Amino acid sequence: MFGFLLLAMQNQSTLDFYQDIEPILRKNCFECHGIVKQKGGFRIDIRATAMAGSDFGESPVIIPGNADESDLYWAISSTDLDERMPPEEKGPLQDYEISRIKDWINQGALWPDDGKPPTWPSEHWAYQMPKWPRIPQLESDSFSRNTIDQFVFSKLTQEGFYPSAQADFQTLARRTALDITGLPPSSYEVGNLLEKGTEVAWQRWLDILFDSLHYGENQALSWLDLSRYADSNGFEVDHNRSMSPWRDWVIDAFNQNMPFDEFTAQQLAGDLMESPSLSQIVATGFHRNTMTNTEGGVDDEEYRVSAVVDRVNTTASVWLGTTMSCVQCHDHKYDPLTSNDYYSMYALFNDGQDGGTSQGPKIDVLGEAEAEDNRSIQEKVASLQSKYESLKSSTKWSAPETLWVDESKPPRGHVEGDWTFLPPSPSTPVHQGEGVRKQVGDKGSFIQHFFNEAIDGPVNHGDDSIYAWIYLSPEDLPSSIMLQIHSDDWEHRAYWGEDTFSFGVNGTPSRFRQGDLPKKGEWVRLDIPLEVVGIAPEARINGIAFSQMGGTVYWDDAGILLGEPQVSAFRTKIAQLEKGLHQPLSSMIVSKVSEPRMTHVLEKGSFLSPGKRIAPGVPKVFNKDVKGSPRNRLEFSKWLTHPKNPLTSRVIMNRLWEQVFGVGLVATSEDFGTRGEVPSHPELLDWLALEFQRQGWNLKAMHRLMIDSATYRQTSSVRPEVILVDPNNRLLSWFPRVRLKAEVIRDQALAVSGLLVGKIGGPSVFPYQPKGIDNSTYAGDRWKVSPGEDRYRRGIYTFWRRTSPYPMFQIFDAPSREISCARRTRSNTPLQALALLNDPVFVEAAKSLGALMQSLQSDDDRNRITFGFRRCTSRGPDETELKELLTLLESDGWTAVATVLLNLDETVVRG
Amino acid sequence: MAGLGSTHLKRSPLLRKGSFGKAKRVIWLHMAGGPSSLDLFDPKPSLLKFDGKDCPEEFLSKERFAFIKGTPQLLGSPYSFKQYGESGQWISELLPHTAKVADKIAVVRSLHTTQFNHAPAQVFMATGHPFFGRPSMGSWLSWGLGSLNPDMPAFAVMLSGQFLPSGGSSCWSSGFLPSQHQGVRLMKGKDPILFLSNPEGVSRSQRRRTLDTLKTLNQHKYETHGDAETVARIEQYELAYRMQERFPDLSNLSTEPSDVLDLYGAVPGEHSFAANCLLARRLAESGVRFIQLFDWGWDSHGTGPQDDIVTSLPKQCQRTDQASAALLVDLEQRGLLEDTILIWGGEFGRTPMNEKRNGSTFLGRDHHPHAMTMWMAGGGIKEGLSYGETDDLGYLIHENPMEVHDLHATMLHLLGIEHESFTYMHQGRDFRLTDVSGKIVTDLIA
């Protein structure tokens, strides 16, 4: 048992600097007596200066063991408001804080010496170039597998500890599979690795995992968080958007192991590359993942600016590990960044055509396989088409009229406009039957009568036409007339005469000119071949609109002209083939404006207060060692991955380390600034950063190096003797157990229960979710559960609606993706228990896993349970576990057993 | 779960001993869409006098509107106002029930915001910042104070009306705070909390046996790896099991006596704002720290009868007035009002001008960030107070302007928290609910 955990927390008779004192100083003193400002010539954020004198004298501000003589205590406890620190407007310290500092000084002012000499913002470690460190050599090193271990273990042994033993291969099989592909290994794979147990088998296993196409999906997960990818626009009118081609680009780029510098350049500036490929243009979608606001009355410029601001903040956070958002409004308080720095970077991203309220520019994207399919379909269509045309021209055919609408056959559906039929008279011509409709467009105005939702509409046999008889009054001619057909919508129009109608697009089926105005003063039949107005064969017609611009027109009978049956059949066949064509998906992209925009500093960050003009560039403090400053996005992307850039490779390697080891070498992986944490293993971080570059920004190679280390292969049991000195396991004396990500928990449950559909890429899908979750303000974009296999796809493909995220993901700490998220929290809550027990997805998985166990060919339930247990944990149960599960099986059946297995701590944790 | 497991005040340094800090919890009734102060709380005889006249140019020169185009005309309220109670609060005929508790509430007529679109304005009201990504007030309190009952969430959210509030789940987001502090949305229907019910065919005793097995296996494995998170997980499963019992009872209003149901106008089993108000009281009793109700449907543009001030606004009031007042009365009679801050309001006000979108003949008002009315009660708020004034047309604040940050600062103060010290370090910066401003409005405090 682990009683020592409690001991560790209670054993605090003396004050601990970092726990008890530093937070007080940080909160109250550092702003004026820290790295940026040193009021009174005094700096208290590092030991060396805190123990020295100030402007008030050479006597140390802190005299260990003697609070009463220490200026620090004197200043914070003074009753003289002019002398007391912090100054009056900030208010005094709390009594307990004062007494704590007093006690601490009297206890000897123990301040573990971090060995840090006084540094100044520009000298901050992260802004210095990484240097190849000396690789530590351990004496008689029997632990290390590679260089990483030499750094980790030398530090560990310096603290007096040895590494943990190597975990067994079944543990490692599961650990690696989940880490690399986000999916559990099959029992066969585990058995194979365990049985062979050789270095060769291990390396082969890593090959398989890194070559798996699921690797790209798994790596993409955190990149999508960073890039705030979502399938909706955000804000109030959270409409759907199409960005899945970009998401698939990311998956593919990871799978191809695209070098990270190239990965960077394509996403930030693919459009500026020399004759960019479609794929490079799609890549620029990275920065189109910003939100757009289509709410009424929204100022386009306001939201365009806020998208550019987001691009600056996201870029700084993703590549530079730097918080830029403060600098939007004022110079940074703690890091050496100014508003000028901010807006020079802003200027780099201030060149897109996109606005704040619309989704353009976009590009249509089709996958390779789909394009190939389409080519073969189009070939077949082309050959049929020529046969069809020759057949049509050689066929003599006079189409019979089939009456649909007349005074004797009023439309059966929804009608609008004037549907009175006048009897014939000397002044009222009638084409057939007892009456006619007279329609007058006063003073050249638009007039229309129509019907739709007809219940008896005809189906286009393939080559049919619609006709209508009209008579133009010679005294009062319209400028144009139009027939409009309703099938799924009204976008099918043919007109005669001038182009006066504003609907649709002229020259397309939505507004097609059929000819001049027909002859006046006599009955004329208007014919519209349905092909011309884009009504497909087999489509049902359910309305016609009769329109004119001005004039007096008599409208009489209308109906359908049946095409020649053979020709119609041919057309139908072509249409059926064309239905098999894959529709391209659109993807939002960055495209440069032709006239460059001027960038101004925005006072207090407001787009309504532009200040002085500013040129594109990068913050000076990051640019000490690079010549010249980038002037556009492409140069900027090269600057990010320039060998002289001190941050990018460190930030990326740190994030990879965080992914593999649970916590980054810099624990605040989103902040490498002066307020961020210092690295636990600075030399290792530098070595990784430089090795990454030396290997050509090869992510898979570095990932593999980490996973192939002995550090990674340690067991994951907590070390009682180490936890006392290293409660957060920063020394990595054991492998950290980490709860799986939301998506991975779901993927794993689907996988072990045999439900997972491993298809890669494509539009986002809508798995089942409880009703009432996705209740957006605007109808039309509701959550419609996907049919068939799409319900069982991996979580990365689940439709991401910003205003109402998929509930199970949200419960397991997925961000809403409104803004970039550098690090997910890992909470542990009762709502998570409820979701794993009762979310229909997990209920279905439990049933399915239960059925799999039950149907196993065996005469022993122990084997069946072992089979299920292995699927979830990659190991067999011990006797205790078997006994428990057998008891449950007896009382509650297989689904209950499966529920336990899916809910095991061991199942949702990667250990 | 928001703050579950943290049994008491976690950050005691924030709490100052002394006269302030009576309040323990908050119930916030957010009328999403922006209720029209000028038709509910802020009578303007001048507006009536100039009804139909062009809005004075001085107001329009630098103004941005959501929908109004050209020079709009002033719109006097079609409703009559009277003074109520000893305090003489001005309240419109649309809110007869609120009028009855006039002496219990402080009406603030001078609140203003910076945002004139729903989503950012709601997010501003909820989180103190118009951009997404900051923690909402409930999350701040969940993190800072925790729950009053370890078996209950610290922060619960309930919705009524046809749609979600425009800001969506950002209105109860935990932002950069650990995600267990996000608001727990209580659902209508059989599961007040998502996934609360056992799957069909699984009885409570069966679930107990499953959990017992799970617990044994987790405990067994813990003994070999010693990861404290596993112990925490075992506890979370047990807590979930207790919640399964607790929550259906809590949300089952049929156990309330009929006079209480009548007081609210709630019908057991029927989802409504009234039912949410009654449930809010029950949650308050059982230890939830921050309870927020969003009621959709206050966006009175006047584009048609569904959103005008003649047909739609009275309906909204009928749906909500009785229950809002009932909640106050009920809290008081149970002795809960003195340590509960009850607050009613929207995300912005509405224009003194008729919007007339696309020539609409229905009367309505556009979004108006410069002035809105809210009322507050309980938790140390001064009773029967009228605070702040708008100008003769109800366009700008004339006296005692109050920012959203001031509102937050004052509420935190009543909860015993110094808003300037209540910070969370994120990306190298100390963030606060009140951002970089906020002052305590002492006039509001009893």
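The model is a predicted one. Chain A has 911 residues, of which 48% are buried. In chain B, 59% of the 446 residues are buried.

**Chain A overall**

- Chain A contains 29 helices and 15 strands.
- Along the principal axes, the C-alpha atoms of chain A fill a box of roughly 120 × 80 × 50 Å.
- Of the contacts in chain A between residues at least 6 apart in sequence, 70% join residues at least 24 apart.

**Domains of chain A**

- The domain assignment of chain A runs from domain 1 (4–114) to domain 6 (841–910).
- Domain 2 is written as two stretches, 122–166 and 647–735.
- Domain 3 is likewise given as 259–366 plus 585–646, and domain 4 as 367–391 plus 564–583.
- Domain 5 covers residues 398–563.
- The centres of domain 2 and domain 5 of chain A, taken over C-alpha atoms, are 77 Å apart.

**Helix 7 of chain A**

- Helix 7 of chain A covers residues 169–180, and its 12 residues should span 16 Å at 1.5 Å a residue; the end C-alpha atoms are 16 Å apart, so the two values agree.
- This helix is mostly covered, with 11 of its 12 residues buried.
- Among the buried residues are Phe169(A), Leu172(A), Leu178(A) and Ile180(A), and the buried set also includes the residues Arg174(A), Arg175(A) and Asp179(A).
- Gly182(A) follows helix 7 of chain A and has a positive phi, near 75 degrees.

**Chain B overall**

- Chain B has 12 helices and 17 strands.
- The radius of gyration of chain B is 23 Å, close to the 22 Å that the globule rule gives for 446 residues, so chain B is as compact as a globular protein of that length.
- The C-alpha trace of chain B spans about 80 × 50 × 45 Å along its principal axes.
- Of the contacts in chain B with a separation of 6 or more, 75% are between residues 24 or more positions apart.

**Where the chains meet**

- In the contacts between the chains, 59 residues of chain B touch 65 residues of chain A.
- On the side of chain B that touches chain A, helix 5 (118–127), helix 7 (204–225) and helix 8 (228–251) of chain B each supply at least two residues.
- Helix 7 of chain B gives the largest share of that side, 13 residues.
- By class, the side of chain B that touches chain A holds 25 nonpolar, 25 polar and 9 charged residues.

Methods. Residues numbered from 1 in each chain as written. Chains lettered and ligands numbered in written order. Predicted model: local features only at pLDDT ≥ 70, side-chain atom pairs only at ≥ 80, totals over all residues. Domains from an automatic or database assignment. Helix = DSSP H or I, 4+ residues; strand = E, 2+ residues; numbered from the N terminus. Expected span 1.5 Å × (residues − 1). Buried ≥ 20, exposed ≤ 12 C-beta atoms within 10 Å, placed from the backbone. Contact = placed C-beta atoms within 7 Å. Nonpolar A, V, L, I, M, F, W, Y, C, P; charged D, E, K, R; others polar. Rg over C-alpha atoms; globule rule 2.2 N^0.38 Å.
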